[in-house]
Amino acid sequence: MDFAIPVRQSNRHFTVGEKNAILDEHEKCLEMGSKAALARAIGIRAALIRQWARARESGELPAVADPTKEDQRLSAGDKRQLQRVLKENEILKAKLARSEAAVDILGKASALLDAMAKSAAATEPQLDAPEPGRPEWLMPKPGKPSH
């Protein structure tokens, strides 16, 4: 009689998954006395396994653990801390999303400014260099004598 005994998480309660694993192993027991040996190996009464089997057959014990139900083994303090950490996680995710959006916008703005600067440099009119000599404002106006 070789059993695949599920690992037990606590000394007082079995999870739905553990109960179903024990029941699955219990159904594989075909030799005389192997079901009682399984119960002894786990450390529970054989009657409890039969009770779980009746509950599973009647639908009181779900065949698959419901992941939406919270773990009953958590203390009230652990539950509060879990809720606080989950809320903090959501806040940090929102901040990260805002930061990533800001970085994306800044990158696009930088690229736009670079493109505008290159475009302005390419279309900037070239002024002819002034001729060396006197500035225009120092030139005498026609009709006025120069001194």
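Is Phe14 buried or exposed, going by its relative accessibility? Keep in mind that this is a predicted model. Phe14 comes out at 13% relative accessibility, and the cut-off for buried is under 20%, so Phe14 counts as buried.

Now look at what sits across from that ring. Searching the whole structure turns up one aromatic pair. Phe14 and Trp52 make it: their ring centres are 5.2 Å apart and the planes meet at 70 degrees; since anything over 60 goes down as edge-to-face, that's what this pair is. The two partners come from distant parts of the chain, 38 residues apart. Phe14 belongs to the segment before helix H1 (16–28), while Trp52 is in helix H3 (residues 46–58). Trp52 is buried too, with a relative accessible area of 7%.

Step from there into helix H1, where you'll find Glu18. As for what its side chain touches, the Glu18 side chain reaches the backbone nitrogen of Thr15, at 2.9 Å.

Finally, head over to helix H4, which spans residues 76–123 and includes Leu112.

Methods. Residues are numbered from 1 along each chain as its sequence is written. This is a predicted model: local features need pLDDT of at least 70, side-chain atom pairs count only at pLDDT 80 or more; totals for chains, interfaces and linings use all residues. Side-chain values use heavy atoms; hydrogens and water are left out. Helices (H or I, at least four residues) and strands (E, at least two) are DSSP runs, numbered from the N terminus. Rings of Phe, Tyr and Trp (its six-membered ring) pair if their centres lie within 6.5 Å; planes under 30 degrees apart count as stacked, over 60 as edge-to-face and the rest as tilted. Buried means under 20% relative accessible area, exposed over 50%, partly exposed in between (1.4 Å probe, protein chains only). A polar contact is a pair of N or O atoms within 3.5 Å; within protein, one must be able to donate a hydrogen and the other to accept it, and residues adjacent in sequence count only if both atoms are side-chain atoms.
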